[in-house]
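Good morning, everyone, and thank you for making the time.

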Amino acid sequence: MRFRTTTAVAAGSALLLLTGCGAADMTQQASPFANAQGSRTVTLSVQSWVGAQANVAVAQYLLERELGYRVDTVQVDEVPAWDALSQGRVDAILEDWGHPEQEQRYVEDKRTIAPGGDLGVTGHIGWFVPTYFAKQHPDVTDWKNLDRYAERFRTPESGGKGQLMDGSPSYVTNDKALVKNLKLDYQVVFAGSEAAQITQIKQFAKERKPFLTYWYTPQWLFEKVPMTEVKLPAYEEGCDADPEKVACAYPVTPLQKYLNADFAKDGGEAADFLKKFRWTTEDQNEVSLMIAEQKLSPEEAAKKWVDSHESVWTKWLP
């Protein structure tokens, strides 16, 4: 289901932010700390979107300061992250939006990856318009009426059609198929990254311009730019089985954690902690907002959250 990401690694125990600029390519290369025998080290896969970074920031902070581990973070594309996890090049993925093929291959068949339990956050992808536009034009929230507004959503990049703005081309989405199969007069235009997409959304909102965008919950940006979802044809089990024929909405997805199978069995306190790590959408958004909007470092944001939520995180400790 979800989308994402870029290939890069954080230096030392620092957490990469939105772009990973200047970091080494970790797609084919193992972290120097992954699978280190006899040492208290953990390697976490960190996806490029800020909600996933918030998970890792808090997990890293507590693993290091409460349990005495050395934590390395590696940024790998969404699907290759499963390969890295299976091979032991990373120990855990803390936010997965559903990858049935990888789950079947690595969890059910090869058994090199073990479920790590619910993250506690429910995710959903959809198409959104700014609420100020939806209030003026209530019918825009039904996909059947989108073509009436195609001209309003047109941009220089959309080639005479309405623009449906996506994030990175590496995100796994159904949007091109949806536009084609629903016969909509729209063109998918990639902003390039989550950060670039946020910048564009905020600029549109500042100018009170209409826009149509692929977006997702939970996401801190809704607090700054209220958006209303466009209702696509209802999701039914299996309606997205063929990526070329998708003509339905995205599902609602309880986000999951996954651990390397050997780490899940022999990872000691770290594995136990990550299995117990479970927080709310509000918790994640609180940390995400500090990182993305308030410009705190991931470590600073994690510390601030940890200092004020002791009753939550103490339950995760072994």
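This is a predicted model: local features need pLDDT of at least 70, side-chain atom pairs count only at pLDDT 80 or more; totals for chains, interfaces and linings use all residues.

Residues are numbered from 1 along each chain as its sequence is written, and side-chain values use heavy atoms, with hydrogens and water left out.

Let us start with helix α8, which covers residues 268-276 and has A270, A271, F273 and L274 as its buried residues. Helices here are DSSP runs of H or I with at least four residues, strands are runs of E with at least two, and both are numbered from the N terminus; buried means under 20% relative accessible area, exposed over 50%, and partly exposed in between, with a 1.4 Å probe and protein chains only. Where do the buried residues of α8 lie when seen down its axis? They fall within an arc of 160°, so they line one face of the helix, the arc being that of the directions from the helix axis to the C-beta atoms. An α-helix has 3.6 residues a turn, so residues three or four places apart point the same way. The buried residues of α8 pack (contact means heavy atoms within 4.5 Å) against several elements, including α1 (50-65), β5 (113-130) and α7 (261-266).

Now to the rings, where a search of the whole structure finds 16 aromatic pairs. Rings of Phe, Tyr and Trp (its six-membered ring) pair if their centres lie within 6.5 Å, and planes under 30 degrees apart count as stacked, over 60 as edge-to-face and the rest as tilted. One of the pairs is F273 with F277, edge-to-face at 6.2 Å centre to centre and 75° between the planes. F277 also meets W279, with ring centres 5.5 Å apart and planes at 65°, so this pair is edge-to-face. F273 is buried at 0% relative accessibility, F277 is buried at 0%, and W279 is buried at 2%. Elsewhere, ring pairs link W97, Y214, W215, Y216 and Y250 into a cluster.

Finally, K135 sits in helix α4 (residues 131-136) and is exposed, with a relative accessible area of 67%. K135 and T228 are 93 residues apart in sequence, and 9.3 Å apart in space, C-alpha to C-alpha.
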